[in-house]
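Dear colleague,

I am handing over the structure we spoke about, with the sequence alongside. Please look through it with the notes that follow.

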Amino acid sequence: MKVLNQKKRIIKVRKSQLLLFGSFLVFIGVVCLSWNHLLLLKEQVFEDVRLKLFEGGFEGTSEEIVTPNVENIEGEVPPAPSGGGSTSSQTKPNHSFSYNYIGYLEIPKIRLKKGFVAKESKYNNISYNVTVSEQANYPDEEKGNFILMAHSGDSYISYFAYLYRLQLGDIAKVTYNNQQYKYRLVKIEEQPKVGVVAIHRDNYNVRALTLITCTKDNDYTQTIYIFELV
């Protein structure tokens, strides 16, 4: 009888331990799932402030200028950054307000509104912002191509996460130098990740906006979205 009671106590203790361990795993899972969401909310708050400062003509503290982390390979554009969970290992954005936007990209259909800094800025990097390619022409340049790159995926720095929802004819807007430029999506193309991206424009006589990111649910290709000025 004593042996039976002892076995029951042992079973009861083990069940309690398993329940405790299971509850701990559930707690860790909830924290992990919530953490990225909290980071997204935090990033959005800082982004709203930076955009308001930009739109209000605020001149912040000057920053150190360094060579941007973008290679120029025979005039071609560097490949889009990796998407998905791989962005979690990237450097965390610096939320200081000491750097200034020079403009912002807006795509109403996917509720995207994100600022960008000058090409020469050290914050012109996919770990901080939507990145202006070193090969890009600014929007006010005749027949130019304004090229922007950003992560896709589910990281809080995946600013181009919802580009896949765009269709031909959709509108994007760029505000730069106190002027708004309106573009219409005319071409969507996928290319393999081979180290460079080739941009094939159908009309080189108009100003263009090109957005580059990884293809959704595909680790081997990147997607290029080409817009033309309306």
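Predicted model: local features only at pLDDT ≥ 70, side-chain atom pairs only at ≥ 80, totals over all residues.

Residues are numbered from 1 along each chain as its sequence is written, and side-chain values use heavy atoms, with hydrogens and water left out.

Strands here are DSSP runs of E with at least two residues, numbered from the N terminus, and two of them are said to pair if DSSP finds at least two bridges between them. On that basis there is an open sheet of eight strands, with mixed pairing, in the order β2-β1-β5-β6-β8-β7-β4-β3. Its edge strands, each pairing on one side only, are β2 (112-116) and β3 (131-132).

Strand β4 (residues 145-149) is mostly covered, since five of its five residues are buried, where buried means under 20% relative accessible area with a 1.4 Å probe and protein chains only, exposed means over 50%, and partly exposed lies in between. Asn 145, Ile 147 and Met 149 point one way from β4, whereas Phe 146 and Leu 148 point the other way. Towards β7 (residues 208-214), β4 runs parallel and is joined by five bridges; towards β3, β4 runs antiparallel and is joined by two bridges, with Val 132 standing opposite Leu 148.

Elsewhere in the sheet, β1 (residues 103-107) pairs with β5 (residues 171-176) in the antiparallel sense over four bridges, and Leu 105 has Val 174 as its bridge partner in β5.

Two single residues may also interest you. Gln 222, in strand β8 (residues 221-229), counts as buried because its relative accessible area is 0%, and a polar atom of its side chain lies 3.1 Å from the backbone oxygen of Pro 192. Val 186, in strand β6 (residues 179-192), counts as partly exposed because its relative accessibility is 34%. Leaving aside neighbours within four places in sequence, Val 186 is in contact (heavy atoms within 4.5 Å) with Leu 168, Ile 226, Phe 227 and Glu 228, and its C-alpha atom is separated by 8.7 Å from that of Gln 167, 19 residues apart along the chain.

With best wishes

Terms used:
Polar contact = N/O pair within 3.5 Å; in protein donor to acceptor, adjacent residues only side chain to side chain.
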